[in-house]
2 protein chains.
Amino acid sequence: MKFSASKENHLKAIFHLQHEQGIVTTNALAAALQTRPASVTDMLKKLKEQKLLIYQRYKGFRLNNEGKKAAIQVIRKHRLWEFFLVKKLQFGWDEVHEIAEELEHISSKKLVDRLDAFLGFPDTDPHGDPIPDSQGRFLQRRQISLSELPLNKVVQVSAIASQTTEMLELLQHKNIRLGTRLEVRKKFPFDNSLEVKIRNRPPVMLSAQVAKNVLVKDDE
Amino acid sequence: MKFSASKENHLKAIFHLQHEQGIVTTNALAAALQTRPASVTDMLKKLKEQKLLIYQRYKGFRLNNEGKKAAIQVIRKHRLWEFFLVKKLQFGWDEVHEIAEELEHISSKKLVDRLDAFLGFPDTDPHGDPIPDSQGRFLQRRQISLSELPLNKVVQVSAIASQTTEMLELLQHKNIRLGTRLEVRKKFPFDNSLEVKIRNRPPVMLSAQVAKNVLVKDDE
DNA sequence: TTTTAATTTTAGATTTGTCTAAATTTTATT
DNA sequence: AATAAAATTTAGACAAATCTAAAATTAAAA
């Protein structure tokens, strides 16, 4: 499981984008990587070939578990090196990103784990972002209620607070279940109802009561 | 002055080889880099293009000052990272080489200098090799008498201990002067005389008295 | 819903670093 | 000194990662 620097950069960028947007588009990734859409398409084919992402042409893409695991290892390296640069080498937090962009591609797993130990197993990098541990576990992403969710952030349904039959029946009817990926498209302050969008389906409305009981977590 | 990892590897290997052999051959470099002679030739053209070495086809090559400076920076990085890995991350001195081979290509000059300071400006790496400082100065290589020099090691004449006219005249006659690169080809225990070889010239004999007064230093 | 616009993909080229096989040059040997 | 052997270089190919320009597909607008 060793990838070229370019592949690692793509994996990492896709990871971040799908965390924000659920599904990633060619243009978005090209913009994030300062490259051309055609180049992204080329790379997608290779990453799909290596079974790191789910991708159908023209339809967008997202990392599968393998791809996520790989991306998280890169992010772990990046953030540990940033921590090192700031805490040990006295760099300012604002000048470490570029250097960490290079260091993150050093491949030795043992090096990363030793560095982690040397730094005291930090769980947050100098920018406040969580540092995945050596198993790829992030600092807990807490689950929040759908009613607290900001607009247009794609999340995954992680739990249903009220397990009443009526509630479950309603969600069943709207085709929302555990693991469903969705985002809030609009909020109506009048009654706190929400318009929710699930990919490839027409938007659905959810009342404040329902929204309050649908718990979601960050989707990666 | 930023070079690809491959170029840096070539520069470094040439530097080491010319330190031992004075002039470097295509085959020797290919062997050192575990690559093919044809690939070396390709790279030589590029390095010559960038004015990092002196090279005429079929005639061997050596780094010029620019090339040496670049090579020394790579060696500096390599040795500092090795020091870091052993002294800070508890690696064994025998397991750091490969990792340092990757780390040495990280380009930030500031990173290297900060690392150097963090490590307390060490002057020797875990294998006992000297670490160049940020100006590229090595721990001084002392000059020794030609009579103490091991066989087949190419060195440069750095001083003449006895400045008598006779001595200088003799050296003049044999075309040996300050800066001349030479090596000892054979030693005759009978009278401690030496056969000395200067590139592109027939071997010359030097008596023990003369050899004792010719001081040489490592040639890079 | 047709037409237009935006997005995405393909086709073909380019750069860097590498390779093999053949040709050239140098060095060693008879 | 002629020939054989070794070393080196050239010619041509390939893989990875990128690009431009054109074609295909999807999404948006009239």
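Modeller: When I say two residues touch or are in contact, I mean heavy atoms within 4.5 Å. This is a predicted model: local features need pLDDT of at least 70, side-chain atom pairs count only at pLDDT 80 or more, and totals for chains, interfaces and linings use all residues. Residues are numbered from 1 along each chain as its sequence is written, chains are lettered from A and ligands numbered from 1 in the order in which they are written, and side-chain values use heavy atoms, with hydrogens and water left out.

Colleague: OK. What does Ile14(A) touch, leaving out residues up to four places away in sequence?

Modeller: Ile14(A) touches Val24(A), Leu29(A), Leu44(A), Leu47(A), Leu53(A), Phe61(A) and Leu63(A). Gly67(A) is 53 residues away along the chain, and its C-alpha atom is separated from that of Ile14(A) by 9.3 Å.

Colleague: And where does Ile14(A) lie? Buried or exposed?

Modeller: Ile14(A) is in helix H1 of chain A, residues 5-21. Helices (H or I, at least four residues) and strands (E, at least two) are DSSP runs, numbered from the N terminus. Ile14(A) counts as buried because its relative accessibility is 0%; the cut-offs are under 20% relative accessible area for buried, over 50% for exposed and partly exposed in between, with a 1.4 Å probe and protein chains only.

Colleague: Zooming out, how much of chain A is buried?

Modeller: Buried residues are 45% of the 220 in chain A. The chain has eight helices and eight strands, and its C-alpha trace spans about 55 × 40 × 30 Å along the principal axes. Of the contacts in chain A with a separation of 6 or more, 63% are between residues 24 or more positions apart.

Colleague: Now the sheet. What's the strand order in chain A?

Modeller: S3-S8-S4-S5-S6-S7, six strands in an open antiparallel sheet. S3 and S7 (204-206) are the edge strands of chain A, each pairing on one side only. Two strands pair if DSSP finds at least two bridges between them.

Colleague: How many bridges does S4 make with S8 in chain A?

Modeller: Five, running antiparallel, between S4 (residues 155-160) and S8(A). On the S3 side, residues 144-145 pair with S8 (residues 214-218) of chain A over two bridges, also antiparallel. Val216(A) sits opposite Ile144(A), and Val216(A) is also the bridge partner of Val157(A).

Colleague: What order do the strands of chain B take?

Modeller: Chain B has an open antiparallel sheet of six strands in the order S3-S8-S4-S5-S6-S7. S3 (144-145) and S7 (204-206) of chain B each have a single partner strand, so one side of each lacks a neighbour in the sheet. S3(B) is joined to S8 (residues 214-218) of chain B by two bridges, and Ser145(B) stands opposite Leu215(B).

Colleague: Switching topic: how many residues of chain B are in contact with chain A?

Modeller: 20 residues of chain B, against 20 of chain A. The buried area between them is about 1,700 Å², with 69% from carbon and sulfur atoms.

Terms used: Buried area is the accessible area (1.4 Å probe) that two parts lose on being put together, summed over both.
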